[in-house]
Amino acid sequence: MTEVRTLATARLILRQWRDADRPTFAAINADARVMAHLPQALDRAASDALAERLQALIAEHGWGFWAVELTGSGEFIGYVGLHEPATRHDFAPCVEVGWRLAYRHWRQGYASEAARAALAFGFEILSLPEIVSFTALGNARSEAVMRRLGMRRDREFDHPLLPANSPLRRHVLYRLADTEWRRRSAV
């Protein structure tokens with residue numbers, strides 16, 4: 001059995017999923033503002049199935065898209081972490097850093113704070129040579145987080161799971177190499 005890793009920052013804990021997270025996660029996944037740059041909002045059954053998959057991947061690998069809670073209150077606010085996409089991207093295999101937080105917790109620096117902890121884990125514990133992130137073109141908020149993390153915009157691409165007529169098909173890819181992470185962390 002793989003040891004499940006928990007990460008902590010000044011304000012956040014990144015941990016394994018709990019059944020108690022599911023109602024809030026379902027509300028996050030049903031929020032049109034949160035899901036605006038994703039193919040569709042999720043109903044409760046689809047949201048619960050996603051939480052189960054994320055929980056299972058963490059149990060298997062010890063890491064993944066961790067549930068995020070506020071340190072002081074223990075309130076679950078979404079997920080942040082690392083993931084190996086199963087989709088056949090032309091830049092795969094890869095590990096991505098990603099996030100999905102409740103709308104009321106946007107604009108507080110939580111995504112950047114938690115993603116920095118995930119990047120540190122990826123580079124310093126997993127010894128990954130590179131971590132990527134991608135989002136639908138036009139998702140300015142996520143791109144801003146990627147830039148704050150020190151990632152560089154690489155290129156645009158068509159997401160292979162989205163139909164040609166989808167307005168979300170065109171994506172943007174960001175990259176961060178281990179060498180760049182270490183250089184930035186040293187200063």
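A residue is called buried if its relative accessible area is under 20%, exposed if over 50%, and partly exposed in between, using a 1.4 Å probe and protein chains only. Keep that in mind as we look around this predicted model, where local features need pLDDT of at least 70, side-chain atom pairs count only at pLDDT 80 or more, and totals for chains, interfaces and linings use all residues. Residues are numbered from 1 along each chain as its sequence is written, and side-chain values use heavy atoms, leaving out hydrogens and water.

**The annotated domain**
- The UniProt record, an unreviewed entry, lists residues 12-179 as "domain: N-acetyltransferase"; such annotations may be inferred rather than shown by experiment.
- Over residues 12-179 the chain is 32% helix and 27% strand, where helices (H or I, at least four residues) and strands (E, at least two) are DSSP runs numbered from the N terminus.
- The end C-alpha atoms of this stretch are 26 Å apart.

**A walk around helix 2**
- Helix 2 covers residues 44-61, and its 18 residues should span 26 Å at 1.5 Å a residue, which agrees with the 26 Å between its end C-alpha atoms; the expected span is 1.5 Å times one less than the number of residues.
- Which residues of helix 2 are buried? They are Ser47, Asp48, Leu50, Ala51, Leu54 and Ile58.
- These residues cover an arc of only 160 degrees around the axis, so they lie on the same side of helix 2; the arc is taken from the directions from the helix axis to the C-beta atoms.
- Ala45 and Glu60, on the other side of helix 2, are exposed.
- The buried residues pack against strand 2 (12-15), helix 1 (22-30), strand 3 (65-70), strand 4 (76-83) and strand 5 (96-101), with contact meaning heavy atoms within 4.5 Å.

**Rings and a charge**
- The whole structure holds 12 aromatic pairs, counted when ring centres of Phe, Tyr or Trp (its six-membered ring) lie within 6.5 Å.
- Trp17, Phe25, Phe65, Phe76 and Tyr79 are joined into a cluster by ring pairs.
- Arg33 lies over the face of Tyr103, 3.9 Å from the ring centre; this requires CZ of Arg or NZ of Lys within 6 Å of the centre and within 35 degrees of the ring normal.

- Most residues other than glycine have a negative phi, and most peptide bonds are trans.
- The Ala92 to Pro93 peptide bond is cis, with omega near 0 degrees, and Pro93 is in the loop between strand 4 and strand 5.
- Arg107 has a positive phi, near 65 degrees, and counts as exposed because its relative accessibility is 56%.

Conventions:
Rings of Phe, Tyr and Trp (its six-membered ring) pair if their centres lie within 6.5 Å; planes under 30 degrees apart count as stacked, over 60 as edge-to-face and the rest as tilted.
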